[in-house]
Amino acid sequence: MGKTIAMLHPGEMGSAVAACLVNAGHRVLWVGAGRSATTRERARAAGLVETASVAQAVQEAAIVFSICPPHAARDVAREVAACGFKGVYVDANAVAPDTVREVGKIVGAGGARCVDGGIIGLPPAPGVKSRLSLSGEGAKDIAALFAGSYLVATVLDAPPGAASALKMCYAGWTKGSTALLADIRALANVEG
């Protein structure tokens, strides 16, 4: 039997992750107030159930996913905590490990547990497998939600912050390698 999960911000990545959850048999809620027509269409296409407010979504959900712009991660956590959420909060934002640990303290003060998630790759879809690294207490349960989906979830035996650190290391490696190759090519062109 599926779980009820809130995906607060179904942007391009959030709606794709939510679609994986819906396809795995879970009921996924979202908050439609103030959202654009594009977001509404993404949520509809992903099979999400609209709720009137964050308070309603977190009251109905056992798990809350936060996939939002990095600058909003703390504010989203504060809003969820203020609603009295006591389930599992998955911070899958592209933020620094210290930010995830701070988010964990915010939601933890309200009684929720925080699982750190680091997404690597494009939004998951048919023919496009992406990776989700998870760390923290409850990471195995979150990974199990994605069994058989286009999002390959891997559990790191580490506290919150480890999954975000892995994502940062991967981003540093890919971007650093590209910059190094560009410099090498520039040198080769200068030297003929």
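# Briefing on a predicted structure

A search of the whole structure finds 7 salt bridges. The model is predicted. A search for disulfides across the whole structure finds 0. Of the nonpolar cores, the largest has 29 residues, and a second, separate core has 21 residues.

**Salt bridges**

- Side chains of opposite charge can pair when their charged atoms come close.
- Arg40 and Glu50 meet through their side chains in a salt bridge, with an N to O distance of 3.0 Å.
- Arg40 belongs to helix H2 (residues 37-46) and Glu50 to strand S3 (residues 49-51), so this pair ties together parts that are 10 residues apart in sequence.
- Arg40 counts as partly exposed, because its relative accessibility is 33%; Glu50 likewise counts as partly exposed, at 43% relative accessibility.
- Arg101 and Asp98 form another salt bridge, in which the closest N and O atoms are 2.8 Å apart.
- Both Arg101 and Asp98 lie in helix H5 (residues 97-109), where they are 3 residues apart, about one turn of the helix.
- Arg101 is partly exposed, with a relative accessible area of 40%, whereas Asp98 is exposed, with a relative accessible area of 55%.
- A salt bridge also joins the side chains of Arg113 and Glu137, at 3.7 Å from N to O.
- Arg113 counts as partly exposed at 33% relative accessibility, while Glu137 is exposed, with a relative accessible area of 60%.

**Nonpolar cores**

- Within the largest nonpolar core, of 29 residues, the members that touch the most other members are Val17, Ile63, Phe65, Val90, Leu134, Ile142 and Phe146.
- Helix H1 (residues 12-23) gives the most to this core, contributing 6 residues.
- Phe65 is in contact with Ile5, Ala6, Met7, Leu8, Leu21, Val90, Ile142 and Phe146, leaving aside its neighbours within four places in sequence.
- The second, separate core of 21 residues includes Cys68, Val76, Tyr89 and Cys114.

**Cysteines**

- A disulfide is a covalent bond between the sulfur atoms of two cysteines.
- The search of the whole structure finds 0 disulfides.
- Cys20 is in no disulfide, and the nearest cysteine sulfur, that of Cys68, is 19 Å away.
- Cys20 is buried, because its relative accessible area is 3%.
- Cys68 is also in no disulfide; for Cys68, the nearest cysteine sulfur is that of Cys114, 12 Å away.
- Cys68 is buried, with a relative accessible area of 11%.

- Thr4 is part of strand S1 (residues 4-7).
- With a relative accessibility of 19%, Thr4 counts as buried, because the limit for a buried residue is under 20%.
- Not counting residues up to four places away in sequence, Thr4 touches Arg27, Leu29, Glu60, Ala61, Ala62 and Ile63.
- Ile63, a contact of Thr4, is also one of the residues that touch the most other members of the largest nonpolar core.
- Ser130 lies in strand S7 (residues 130-135), and at 1% relative accessibility Ser130 counts as buried.
- The contacts of Ser130, leaving aside neighbours within four places in sequence, are Ile120, Gly121, Leu122, Pro123, Pro124, Tyr150, Leu151 and Val152.

**A nonpolar surface patch**

- Leu180, Leu181 and Ile184 form a nonpolar patch on the surface, and together they have about 320 Å² of accessible area.
- Ile184 is placed in helix H7 (residues 162-190).
- Ile184 counts as partly exposed, because its relative accessibility is 48%.

**Thr99 in helix H5**

- Thr99 has its place in helix H5, the helix that also holds Arg101 and Asp98.
- Thr99 is buried, with a relative accessible area of 10%.
- Thr99 and Ile119 are 20 residues apart along the chain, and their C-alpha atoms are separated by 16 Å.

Technical notes: Residues numbered from 1 in each chain as written. Predicted model: local features only at pLDDT ≥ 70, side-chain atom pairs only at ≥ 80, totals over all residues. Heavy atoms only, no water. Patch = residues over 30% accessible without salt bridge, like charges linked within 9 Å, V, L, I, M, F, W, Y side chains within 5 Å. Areas by Shrake-Rupley, 256 points an atom, 1.4 Å probe, with all protein chains shown as cover. Salt bridge = Lys/Arg side-chain N within 4 Å of Asp/Glu carboxyl O. Helix = DSSP H or I, 4+ residues; strand = E, 2+ residues; numbered from the N terminus. Buried < 20%, exposed > 50% of the residue type's maximum accessible area, 1.4 Å probe, protein only. Disulfide = S-S within 2.5 Å. Contact = heavy atoms within 4.5 Å. Core = buried A, V, L, I, M, F, W, Y, C linked by side-chain atoms within 4.5 Å.
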